[in-house]
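Dear colleague,

I am handing over a structure that I have been going through, and I would be glad if you read these notes with the model open beside you.

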Amino acid sequence: MKHHSILLFIFCLLLTRTTLAQTTPGITTLPLEVSAVCPGSVIAVPFSYTGKVGKVVVQLSSGDSFTTINTETKTLSTDNQYPVSVHARIPDSIETTQIYQVRVVGENSSVISQASPTRLMVRGGAKPPKPVVDSLVRVCSRSSANDYMVSLYAGLVPNAAISVYIDENGPDFPTGNYRIGYSFDKTKGYIEVYKGFQTYPCNLHQRDFYFTQTVDGCESDKAKMVYQVWCREEAFKFDEFVYSNGSSSNGRTTYCQGDTALPLDKKGYKRTNEANMYVLFGDSYTVGSVSTTVVPTPNTDKPGRFGYYLRSVPHPGAKVCASFLSSSYLDVVVNPRPPAPTLSGLSPIYEKDQPALALTAATSSTATSLRWYLPDATNAASLSSATAPVPPTDKPGSFTYLVSQVQGNCEGPRVPITVEVVAEDVALSKLVSVYPVPALGETTVELNAGLLASGPAVLELLDGAGHVLWEAQTRASKTVVPLQSLSTGSYNVRVRLGERQATKRVLKL
C-alpha cells in the first residue's frame, strides 16, 4: 500500500511538470517571407507560440543587440495557436546595405525568441510609384441580398503586391478587414468592401482608403481613395400601395366615370424627397412610351384600367442614388357610373295623416343598390339612407326626396320624387258621395250640383302609395269610376275643385 502511494505521488508530480511545460509562454520566430526590403516598408514576420504571451513586438539587430521597431498591435491571450504573423515597419532612417536578424518577442521582454533562421537585407533603392487609383469612388447602398460587396481597384506595376490602409498616418499597418485580390493579369489589385443595408434616416457614408504597392521589398507611398456610399432614395410614395415583388412596386388610384381627375401628384402619390429626386413618367400600357417629367392627369371619360410607370431619378449633383426598384407602376381604375334608377308610377299624393307606404324605385342590375336622400328642415334632400323612406304625412306640403344607384364607390344621377301631403277639405267632403262601397266592377262618384257652377271637377283614382291609376275631368253630377282591372284592395277617389280637394276611400272586392 505504501509503494502505491509513492507511485501516485510521482505520477502527479510528472503530470504537473508536463502541464507547466505546456503552458509556459514561448515564441519561435519562423523563416521570413522576404529576403530584402527598403527603408519605410512593411514586412510580415511569421512566428509560432505557446501559452499566453501577451503583446508582441518585432526587433532587429545588425550585431549583438536588438532594437524594437514600429509593430502593429497584436496581443495573444490564447494557448497553443497555429503560426501567425505580425506586421512591422522598417524605419526610414535605418542603415542600408546591411543584413539584419529579425525576431518576435514579448513587449515586456519576458518572452524572447531566437532570431529567424533567415536574415533580412535592408537595401537602398528608389520606391516604386504610387498605385493608380480613382481619387473618388461612389457606389449606391445595398439593394439586394447579392449586392453586398464592392471592389475598389488600384493599378499596379508588374509583380507588385498591394496593401491597403485605413488612415494616412496611423495605424501604420495594412488593415486585415478587407479581402485583397487581383484581376486576371495582375495589373490591377482590389479590395472587397462590404456595403451594408441602408438605414433610415440615411446619411452619406464616407471612408478614406490608402493603397500602396510593394516591388522587391520596396513599398511605395500611399495613394488616397475617397470611398462614398450613397443612399438609395424614392421620390414618391403611393397613396394606395398594392404590392412589391422586390424589383418593382405597384400602387393604385380609383375614379368613377366622369369624375374630375387630378394630376397624379395630387391623387395617386405624394412627393417624399423633392429636393434630391424627381419623377419620370411613362404610359405603362403603351410599348415605346416616351418618358416625361410632366405630371399626367388621367382621363375618366370611359370606364377601364390603365396605368403609368414612375421612376425616381436623382437631380444632377444630388448625393443620392435612384431607388433599388427597377420600375414602379401606378394603375388608374375608372369604375363605371350606374344609370339613374327606374321610378314606378307618378309621385305619390297623400292627405294629411293618411298612412303612407315606403317609396319605391328599381335598380338596373344586381350589382347596384339604391341610395335615398331625405329632405331636411329646409326641404333640401341631403340626409342619405340605404333604406327606402316612408314619407310622414303629419303636415301638408310638398316634400322632395332623391334616389340614385350606387355601384362600389360610384353613384349615378339622383332622381327626384316629390311627395304631396294635402289637407282634407271637410266641407267639400260632405258634398261628395261614392257608392257602392265596397264595389265589384265600378263605383259612382256623385257631386252636389252646386259644386260644378264654378268649373269642372277633376276625379282621380289612387292606390295606397298615392299613385294615380285613373283620372277624368267632368261637369256631370255623377261619374262612373271603373274598377274591373284592379286587384282586390283599398283605393282612394280624390275630387279636386280648383285649390280644394277631398278624398273618399273605396274597397274593391
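Two strands are said to pair if DSSP finds at least two bridges between them, while helices (H or I, at least four residues) and strands (E, at least two) are DSSP runs that are numbered from the N terminus. Please keep in mind that this is a predicted model, in which local features need pLDDT of at least 70 and side-chain atom pairs count only at pLDDT 80 or more, whereas totals for chains, interfaces and linings use all residues. Residues are numbered from 1 along each chain as its sequence is written, and side-chain values use heavy atoms, with hydrogens and water left out.

Strand S13 is joined to strand S14 (residues 188–194) by four bridges, and the two run antiparallel. Across this pairing, Tyr182 stands opposite Gly189 in S14, and Gly181 stands opposite Tyr190 in S14. The two strands form a hairpin with five residues between them, and Lys186, which lies in the turn, has a positive phi of about 60°. S13 and S14 belong to an open sheet of three strands, which has the order S11-S14-S13 and antiparallel pairing. Its edge strands, each of which pairs on one side only, are strand S11 (149–155) and strand S13 (179–182). From one strand to the next the twist averages 30°, where axes are lines fitted to C-alpha atoms, for helices over the stretch in contact, and angles run from 0 to 180 degrees between N-to-C directions.

Strand S34 (residues 432–435) has a covered face, made of Val432 and Val434, and an uncovered one, made of Ser433 and Tyr435. In general, the side chains of a regular strand alternate between the two faces of the sheet. S34 is joined to strand S35 (residues 442–447) by four bridges, with the two strands running antiparallel, and the hairpin connects them through six residues. Within S35, Val445 is the bridge partner of Val434.

If contact is taken as heavy atoms within 4.5 Å, then Val45 touches Thr29, Leu32, Val58, Val84, Ser85, Val86, Val102 and Val104, not counting residues up to four places away in sequence.

How many disulfides does a search of the whole structure find? The search finds three, a disulfide being counted as a pair of cysteine sulfur atoms within 2.5 Å.

- Cys38 and Cys218 have their sulfur atoms 1.5 Å apart. This pair links distant parts of the chain, with Cys38 in the loop between strand S2 (36–37) and S3 and Cys218 in strand S16 (residues 218–219), 180 residues apart. Both cysteines are buried.
- Cys140 and Cys321 have their sulfur atoms 2.1 Å apart. The torsion about their S-S bond is about -90°, so this disulfide is left-handed. Cys140 counts as partly exposed because its relative accessibility is 24%, whereas Cys321, with a relative accessible area of 5%, is buried.
- Cys256 is joined to Cys410, with an S to S distance of 2.1 Å. Since Cys256 lies in strand S20 (residues 248–256) and Cys410 in strand S32 (residues 410–411), the pair ties together parts that are 154 residues apart in sequence. Cys256 is buried at 9% relative accessible area, and Cys410 is buried at 0%.

Methods: Buried means under 20% relative accessible area, exposed over 50%, partly exposed in between (1.4 Å probe, protein chains only).
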